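Visitor: Hi! I'm new to reading protein structures. Could you walk me through this one?
Guide: Happy to. Let's bring it up and start with the strands.

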Amino acid sequence: MHESAMIDSFVQIIEDKVKEYPVKKVTKIKLKVGKLTCLCPGTLAACFETVAQEKDLLKDTVLEIEEVPLKAKCKECGQVFLVEENKFFCPFCQHPHIQIVAGRELFIETVEVE
Ligand SMILES: [Zn+2]
C-alpha cells in the first residue's frame, strides 16, 4: 500500500509539472529509491503500470528505478562501507558509531517528455 501511495504522489507531481509545458507524452521517468525507504522496486513498477494505464500522458512511459544501496560512514575510522542486512557497525574497526550517508533517497531524478 505504501508503494501505491508513493506512486500516486509522484504521478501527481509529474502531471502538475508537465502541465506548464506543451507536452504530448512522458517517455521516461527515472526514480531513485534508497534501500532504507523499504519500498520494493517491483511493487513500485507494478503500481505505476496500473496508474499509468489510465493516463494518456503516461501510457507509454518507461519507468526506470534505480535502487540506492545503504551506505554508512564510520565516525571512528572514516571508512565508507555498504551496510549489509542490518549490520549497523563498521566492518573495518567494528565500531557502532556510524552515520548513514546513502540509502534514504526517494525522488524523481529525471522526466523525459515529447
Ligand atoms: Zn570504523
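Guide: Keep in mind that this is a predicted model. Three strands form an open sheet in the order 2-1-6, with mixed pairing.

Visitor: Which strands stand at the edges there?
Guide: Strand 2 (62–68) and strand 6 (106–113) do. Each has a single partner strand, so one side of each has no neighbour in the sheet.

Visitor: By what angle are neighbouring strands turned against each other?
Guide: By 15° on average, ignoring direction.

Visitor: And what holds strands together in general?
Guide: Strands of a sheet pair through backbone hydrogen bonds, and they can be parallel or antiparallel.

Visitor: Let's zoom in on helix 1. How many residues does it have?
Guide: Helix 1 has 17 residues. From first C-alpha to last it reaches 25 Å, close to the 24 Å expected at 1.5 Å a residue.

Visitor: Which of its residues are buried?
Guide: E3, I7, F10, V11 and I14 are the buried residues of helix 1. Seen down the helix axis, they fall within an arc of 100°, so they line one face of helix 1.

Visitor: Why would residues that are spaced out along a helix point the same way?
Guide: An α-helix has 3.6 residues a turn, so residues three or four places apart point the same way.

Visitor: Nice. What's on the other side of helix 1?
Guide: There you'll find A5, S9, Q12 and D16, which are exposed. The buried residues, in contrast, have cover that includes strand 1, helix 2 and strand 6.

Visitor: Same tour for helix 2, please. Which residues are buried in it?
Guide: L44, C47 and F48. They cover an arc of only 105° around the axis, which puts them on the same side of helix 2. These buried residues pack against helix 1, strand 1 and strand 2.

Visitor: And which exposed residues are on the face turned away?
Guide: G42, T50 and Q53.

Visitor: Where does all that burying lead? Which residues have the most contacts inside the largest nonpolar core?
Guide: I7, V11, I14 and L44, in a core of 13 residues. Helix 1 (2–18), strand 1 (26–34) and helix 2 (41–53) each supply at least two residues of this core.

Visitor: Changing topic: what is the order of the strands in the antiparallel sheet?
Guide: The order is 4-3-5, and those three strands form an open sheet. Strand 4 (80–82) and strand 5 (98–102) stand at its edges. Neighbouring strands here are turned by 35° against each other on average, direction ignored.

Visitor: How many bridges join strand 3 to strand 4?
Guide: Three, with strand 3 covering residues 71–74. A72 stands opposite F81 in strand 4, and A72 is also among the residues of the six-residue core.

Visitor: Last one, the loops. Is K24 buried or exposed?
Guide: Exposed, because it has 10 other C-beta atoms within 10 Å, and the cut-off for exposed is 12 or fewer. K24 lies in the loop between helix 1 and strand 1. The C-alpha atoms of K24 and V113 are 7.4 Å apart, though the two are 89 residues apart along the chain.

Visitor: And where is K59?
Guide: In the loop between helix 2 and strand 2. K59 counts as exposed, with 11 C-beta neighbours inside 10 Å.

How values were computed: Residues numbered from 1 in each chain as written. Predicted model: local features only at pLDDT ≥ 70, side-chain atom pairs only at ≥ 80, totals over all residues. Core = buried A, V, L, I, M, F, W, Y, C linked by C-beta atoms within 7 Å. Buried ≥ 20, exposed ≤ 12 C-beta atoms within 10 Å, placed from the backbone. Helix = DSSP H or I, 4+ residues; strand = E, 2+ residues; numbered from the N terminus. Pairing = 2+ DSSP bridges. Axes fitted to C-alpha atoms, helices over the stretch in contact; angles between N-to-C directions. Expected span 1.5 Å × (residues − 1). Arc of directions from axis to C-beta. Contact = placed C-beta atoms within 7 Å.
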